[in-house]
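Walk me through this protein model, from the overall layout down to single residues.

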Amino acid sequence: EFQADRTRYMMSDTPWKTQIGVMRWGFKLIRDGDTGGSVLYDLAKDPGEKVDATGTHPERARELKARLSAWRRAQLEYYENPLRQACEYPPVILER
């Protein structure tokens, strides 16, 4: 079962589309890797992920975008540096 207060990050990379996402507080934010556009889903009210909730929850969207950007930046910094990979585990983003 998913814990609403725990952050989960995801990435989907196919020949057709790249997407990264983050889930927390019962919301899921998905960012399109090609366009940079994003969509926010309220999973409690919309488990089928059909309606963009960014307009009704702009603060959640901003917070999740910031978390996703920090995670992505940490991943890129780590995987682009072979010396870090040789002596460290992949980065962990601490919960705030």
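**A guided tour of the model**

Glutamate 49 counts as partly exposed because its relative accessibility is 26%. Here buried means under 20% relative accessible area, exposed means over 50%, and partly exposed lies in between (1.4 Å probe, protein chains only). Glutamate 49 sits in the loop between β4 and α1. Its phi is near 55°, a positive value in a residue other than glycine. Most residues other than glycine have a negative phi.

This is a predicted model, in which local features need pLDDT of at least 70, side-chain atom pairs count only at pLDDT 80 or more, and totals for chains, interfaces and linings use all residues. Residues are numbered from 1 along each chain as its sequence is written, and side-chain values use heavy atoms, with hydrogens and water left out.

Now the overall layout. The protein chain has 2 helices and 4 strands. Helices (H or I, at least four residues) and strands (E, at least two) are DSSP runs, numbered from the N terminus. Along the sequence the pattern reads β-β-β-β-α-α. The C-alpha trace spans about 45 × 30 × 25 Å along its principal axes. Of the 96 residues in the protein chain, 27% are buried. The accessible surface comes to about 6,600 Å². Carbon and sulfur atoms account for 54% of that surface. These areas come from the Shrake-Rupley method with a 1.4 Å probe, and for residues only the protein chains shown count as cover.

Contacts come next, where contact means heavy atoms within 4.5 Å. Take the contacts between residues at least 6 apart in sequence: 28% of them join residues at least 24 apart. The charges are 16 positive and 15 negative, and their mean positions are 2 Å apart. Lys and Arg count as positive, Asp and Glu as negative; His and the chain ends are not counted. Each charge is placed at NZ of Lys, CZ of Arg, CG of Asp or CD of Glu.

β1 (residues 8-13) pairs with β2 (residues 18-24) in the antiparallel sense, over 6 bridges. Two strands pair if DSSP finds at least two bridges between them. Arginine 8 has methionine 23 in β2 as its bridge partner. The two strands form a hairpin with 4 residues between them.

With a relative accessibility of 24%, tryptophan 25 is partly exposed.

The next pairing is between β3 (residues 27-32) and β4. They run antiparallel and are joined by 5 bridges. Phenylalanine 27 has aspartate 42 in β4 as its bridge partner. This hairpin has 5 residues between the strands, and glycine 36 takes a positive phi near 80° there. β4 itself (residues 38-42) is mostly covered, with 4 of its 5 residues buried.

Return to the loop between β4 and α1, which also holds aspartate 52. At 42% relative accessibility, aspartate 52 is partly exposed. What does aspartate 52 contact, leaving aside its neighbours within four places in sequence? Its partners are Ser38, Val39 and Leu40. Tyrosine 41 is 11 residues from aspartate 52 in sequence, and the two are 5.6 Å apart in space, C-alpha to C-alpha.

Finish with the rings. A pair of aromatic rings is described by the distance of the centres and the angle of the planes. Rings of Phe, Tyr and Trp (its six-membered ring) pair if their centres lie within 6.5 Å; planes under 30 degrees apart count as stacked, over 60 as edge-to-face and the rest as tilted. The structure holds 2 aromatic pairs. In one, tyrosine 9 and tryptophan 71 have ring centres 5.1 Å apart and planes at 5°, so the pair is stacked. Tyrosine 9 lies in β1 and tryptophan 71 in helix α1 (residues 58-79), so this pair ties together parts that are 62 residues apart in sequence. Tyrosine 9 is partly exposed at 22% relative accessibility, whereas tryptophan 71 is buried at 13%.

The other pair is tyrosine 78 with tyrosine 79. Their ring centres are 4.7 Å apart and their planes are at 85°, so the pair is edge-to-face. Tyrosine 78 is buried, with a relative accessibility of 4%. Tyrosine 79 is partly exposed, at 46%.
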